[in-house]
2 protein chains.
Amino acid sequence: MEEEIHSPAGGNPVSPFQKIGSEKLLSGRIEESIESAIRKKQYLAGQKLPTEGELCKLFSVSRTVVREAFRRLSARGLVVIRQGSGAYVNEISSESAIDSINLYLELTDDGNMIFDIIRARQLFEPEIAGLAALYRTTGELEELAGNMEELRNCPLDDIEKETEIDSRFHILIAKATHNTVVSLLMRPVFDSMPRFKRSIFAKNKIDDRQAEKRRLIQFHEDIYQAINSGDSREAAYAMQTHIKRSERNFLDSLKPGVEGLKPGVDG
Amino acid sequence: MEEEIHSPAGGNPVSPFQKIGSEKLLSGRIEESIESAIRKKQYLAGQKLPTEGELCKLFSVSRTVVREAFRRLSARGLVVIRQGSGAYVNEISSESAIDSINLYLELTDDGNMIFDIIRARQLFEPEIAGLAALYRTTGELEELAGNMEELRNCPLDDIEKETEIDSRFHILIAKATHNTVVSLLMRPVFDSMPRFKRSIFAKNKIDDRQAEKRRLIQFHEDIYQAINSGDSREAAYAMQTHIKRSERNFLDSLKPGVEGLKPGVDG
DNA sequence: AAGGTATAAGTTATATGACAAATATTTACA
DNA sequence: TGTAAATATTTGTCATATAACTTATACCTT
């Protein structure tokens, strides 16, 4: 019989797919079955899953439902589908998970999200900088130095690029903790920085920009030096100072008149 | 006939859907188009999207690709599809995003994830408890009290339930910060607690369980009191103490000999 | 025999048509 | 007017066919 599907990995002849339950949609049930097999590592990253046709026979369903199950799985980043070739377990990547958080934050932002972001940075980033000072490698220090060089060379009027470099600086520090959880969870915070900073800069007077960039560079320099010297306490302090300054910049940018104020009364 | 990409009937207010680009798959392009419309809030949560048939005509594609686009969108939590009714923009929920992170953490756990989790908690939770002490409402205090009551009443041998209650305690504190970013990002950390604690308890001597639970209750009590009295510093300290103890428990559970080895020495 | 090319086979992508199942709307009736 | 039945709409699943792409094979040239 060709009942046997793929036997991945080891010699276990038992099908990696659990019997489909009594859920609602067929495509959902098959999605769960395949997901379960992947979670149990019965299929490893890069491995090829059975073809649509094989799964049709295995589950006794039409190609439609198998394809829709694959679509759901690929949308969630669990598998990649290559036309003409097949479906493969995706190399695990944090991007899909991070994108999911970013989407949520974007959709739920009622305009006050930035306050939560700033507060979260105040809470977490000094601790992160302190940890980075303890665990950073020389390679990571070089990356930070390179990032600062990029910042110095960034044209004064290219705000888009500057904020991107800035947020990458903080991502690098989070990575230097060598804590995958910390660096993963902080990514959405840093990813949102450009979005917010755009609106801040938009309200700033142009004259302030040059001085502000000098300060930004100096803050990064201070943080870098502390991390470089392995001084955890100083790194935390430098980071705290940096973020407080950023917050003040933001609050100042709101001063002239909060956008929420109804027109009718003005200066 | 259906060659024409028609503008929606009548006076033609601009279509909410952007023109499809030059991506690879049709279903992917249509997914992006619909996602973009949702991100721009041209369709709000709960609103009904066009039917499959309408989208087929609008994009001049088959039902197959429209359905697969919908499957992807629903897998990502952007829309919900109700048979016989239609597709609706999903009420925004953090669950999908959190699940995505949880899946990533589970798949990438090589056995050392727990160290990162513990360290992340050490970094973040004291700060969170401190913030919660400042912003908690009386309702949230009641929830915390109720949670502690649940913990006291939990059977000593029901580890599954105990860990669930425990992690919920910490989730409640994160929520009490009234910072959506903080409570969202910490969720995966707390969600992973039961998974890890199972293995810790499994290696603990049964005799320790009663004393250990008493200590757990006392820690929660201390944290609660500090948060209740609005003492930010004390709340952070109590939380720090709690987590350090948890870490020691974990490290102790590894002592006798990493996995496999039966504990042969006890008090 | 080695290497490249054309061909064939396998696999996914899309289209179409049909019917089932669930829901929504309209109609008919009391 | 309110309710129930009938009808229409919409999504779910199946089946078949063809296009587009990938991989494997056979063949040819050198």
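**Exercise 1.** In this predicted model, find which residues lie nearest the centre of the second largest pocket, and work out what its lining is made of.

*Solution.* Start at the middle: Leu123(A), Glu127(A), Leu123(B), Pro126(B) and Glu127(B) lie nearest the centre. Next, look at the whole lining, which has 29 residues. These divide into 14 nonpolar, eight polar and seven charged. Now trace the helices: H5 (113-135) and H11 (232-254) of chain A, along with H5 (113-135) and H11 (232-254) of chain B, each supply at least two lining residues. To finish, note the volume of this pocket, about 770 Å³.

**Exercise 2.** Describe how much of chain A and chain B meets at their interface.

*Solution.* Begin with the residues: 46 of chain A are in contact with 46 of chain B. Then turn to area. The size of an interface is often given as the accessible area lost when the parts come together. Here the two chains bury about 4600 Å² between them, and 66% of that is on carbon and sulfur atoms.

**Exercise 3.** Find a salt bridge between the chains, then say which helix of chain A gives the largest share of the side that touches chain B.

*Solution.* Six salt bridges cross the interface. One of them joins the side chains of Glu68(A) and Arg67(B), at 2.9 Å from N to O. Helices H1 (26-39), H3 (63-75), H4 (95-108), H5 and H8 (180-191) of chain A each supply at least two residues of the side touching chain B. The largest share, eleven residues, comes from H5(A). Sorted by type, the residues on this side of chain A are 25 nonpolar, ten polar and eleven charged.

Definitions and conventions: Residues numbered from 1 in each chain as written. Chains lettered and ligands numbered in written order. Predicted model: local features only at pLDDT ≥ 70, side-chain atom pairs only at ≥ 80, totals over all residues. Heavy atoms only, no water. 1 Å grid on protein atoms, 1.4 Å probe; cavity = no way out; pocket = protein on both sides within 12 Å on 5 of 7 lines; lining within 4 Å. Points joined across faces, edges and corners; volume = space filled by probe spheres on them. Helix = DSSP H or I, 4+ residues; strand = E, 2+ residues; numbered from the N terminus. Nonpolar A, V, L, I, M, F, W, Y, C, P; charged D, E, K, R; others polar. Contact = heavy atoms within 4.5 Å. Buried area = accessible area lost by both parts, 1.4 Å probe. Salt bridge = Lys/Arg side-chain N within 4 Å of Asp/Glu carboxyl O.
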